[in-house]
Every structure is written in C-alpha cells, then in structure tokens.
Amino acid sequence: ALGSMSTLGSSITAMNTTEELVSTLYAVIAAAVFSILAASLSGVVASGALAKEEKRSRLYDLIGYMRRRAVPKDLQIRVRKYASYRMENTDETGVNAGLADMLSPHLYAELTASIRGFLLRQFYPFKRTPHDLLCELAQLLETEIHAVGDFVVEQDDIGTGMYFQATGTVAVYTTAQALAAAPEPLSAPPDSAQKWPPEPVSKVSSLVSKVSLQSSAISALGAGPVPAEQDSGWRMLPPPPDALLLQPGSHFGEVALFVSSPPRRAANVRVVDGPMEAMHLERGRFRDYIFGTAHDSVRQQFTEMCQSVDRGDFSVLGMRCGHCHVCHAISESCSRAIFVDPKSLGESTR
C-alpha cells in the first residue's frame, strides 16, 4: 500500500526501491501534518467550549446568588438579561483596541469610521461631514451599555455629551410627566416586585403611534424643578404612557455639544427594552477637537451653529418640536418642548 500513490484518475505505483522510499516518506509527512492540524483544530474547539462553559457557569453562579439573597424576580430578570448580553455579544459599536497596534493610524481611523459612521451620519449636522472629519469624530466616541430600567440621563443633570443609540429602546419623558401619570401618591412607593417594563410602557400611546420611529430627541429646554418632597420617589415610577420611544438609530442630548456652557438636561432617558448600547460623544472632547485641531472651514461652520443654538434656534440641528411640530426658538412657545428630527414627523427638512 505504501508503494502506491492514488490520484484522481489512477494510481501511481513505485517501480523501484528509491520510489518506494520517497512515497513512504511522503505518506509519513502527510500523516504528521494531518495529525498536527487535527490537534490544533481540536484545541480551538475545546478552548471555545471551555470559554462558553465558563461563561455559563458564571451566569448560573450569579442566578444562584440572587436567589439566595431573595432578590426580587423582576430585578433578577433584568440582571440576567444584561449579563447574558455582555457575555454572549460583542459590542455593536466597539472597535477592538488591540487592532491599533496592528494597523497604521490612518487605517485604524478608517476602520473605526466604517463601524461607527452609520450612526454618526444619522445626526443632521454630520450628514455631509467630510470623510476625514468623520474618521476623527468616530475615534472620540465611547461605547456604553445600559440595562433595562437604567437612566441614561436624568432631568436637571448637567449635560456631558450626546448619545447615538445602537440597540434597545429608550423612553424620553419629563419628571412632571411621570408624576402626573403616577397611579398613587409617592408616599406609597410602587411594589418593587412589579413587572418591568410596566404595562403602560408596553402599550403604544397616541403620541408614539404618530411618531413611531424617532430619529432624534434633545433635552434642551427645562420643565421646572421637582418639588423637594417628591424628588426622592419619582425614580421608582415607570415611564408615562405618553413618553417618546426612541429606537436604534436615534440620538439624543445633542444640545450639550453646541451650547457655550454645559446645559441641564430637560428630560429623562430611560431604557425600557434592552440592553441598550450607545456611543457617547463627550462634550469636552468634541469641542476641543472642533475648536482646536479641525480645519478653519469646519471650525467656522460649527461656530455659527453654536451661536444659533445659544440663541435658542435649534433649526440648525434639523429639529422641530415633537409636540407642536413647529421649529421655534423660544422655550415658552411650547410647554412640553422635546425636539425630534423632522423626518420622524413626516415633514421635509428645511
């Protein structure tokens, strides 16, 4: 058998001792190479199975710990769902930092822009951004992952930047809306074991049915302070039925990038379906780049936009009021001013 080598059409038979030795040597080398490849493949499969088993074991340990500590069932579900997402999924918007050592700076910037650029271009001022500027902006972003029930931003907090939503669903609403929709006084907090998301959020409100897919929402206008006696309890309340629901591809908090001084958030943004993954463009890093190292023409363009936003004119951001559907610059024009991209309202951008 060692004296013959098979081909597609016929067998090649050794005619002398030298050819038999050569064919035998080839057979031994082929067997060795096959053994090495099989061992390597088995090692890869085994290591993958071991890593998967380790993740599963950690998840079971977490579930067992929560049960032993009598953690409410709704919180167990939220924790388990978040932990499973982090263990089983790679970031939708993340870029492997280890690749930076393997690639040239320009190539790494191109890769980052390719992964994150689709979300950046959803924002009106970035739609026609030059590619080189988009590459720079993409590297300023940081990925954040929030569980169901988390507040991404809270009303009256200082705005630190803008968020580009990649996965999950968030509800945008004011604290006054949550208090108005409360079924009972805050002196009797909601049952901690209640279902999450609450029933009112799972229903489609009249406003959400009109604006089913929000492309953007910004917290630019204040809605007044919350009474001190209610400040500690409103976070336990579910989002109200008339909250704006933002789907993947949306963005919010953009005014924080363009005003001269950090603003206070005018609305709460809370995760109602997730986990929710988003990219955060931090105000300081954005402004340092735009007004420090960007090209003169880009700096001039964004300077004019910042001046307009400081005057209260959000039309430069492509926004109209989601409640009165008018592009107005004075906060008093609408008592519940939360702005959305005009495309979401079925109107043309002007």
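Reply: Strand 6 (residues 169–173) pairs with strand 8 in the antiparallel sense, over three bridges. Two strands count as paired if DSSP finds at least two bridges between them; strands (E, at least two residues) and helices (H or I, at least four) are DSSP runs numbered from the N terminus. At the level of residues, Val 172 has Leu 244, in strand 8, as its bridge partner.

This is a predicted model, in which local features need pLDDT of at least 70 and side-chain atom pairs count only at pLDDT 80 or more, while totals for chains, interfaces and linings use all residues. Residues are numbered from 1 along each chain as its sequence is written, and side-chain values use heavy atoms, with hydrogens and water left out.

The pair belongs to an open sheet of four strands in the order 4-10-6-8, with antiparallel pairing. Strand 4 (151–153) and strand 8 (244–246) are the edges, each pairing on one side only. From one strand to the next the twist averages 35°; axes are lines fitted to C-alpha atoms, for helices over the stretch in contact, and angles run from 0 to 180 degrees between N-to-C directions.

Next, the nonpolar cores. A nonpolar core is a set of buried Ala, Val, Leu, Ile, Met, Phe, Trp, Tyr and Cys residues joined through side-chain atoms within 4.5 Å. Buried means under 20% relative accessible area, exposed over 50%, and partly exposed in between (1.4 Å probe, protein chains only). The largest core has 34 residues, and Phe 126, Phe 164, Phe 258, Phe 286, Phe 302 and Leu 317 touch the most other members. Among the elements giving two or more residues to this core are helix 3 (105–120), strand 5 and helix 10 (296–310). Leaving aside neighbours within four places in sequence, Phe 302 is in contact (heavy atoms within 4.5 Å) with residues including Leu 133, Phe 286 and Ile 290. A second, separate core of 14 residues includes Leu 244, along with Tyr 163, Val 269 and Ala 278.

The average pLDDT (the predictor's confidence in each residue, from 0 to 100) is 74, and 69% of the residues score at least 70. Over residues 187–230 pLDDT stays under 50. Where pLDDT is low, the predicted coordinates should not be read in detail.
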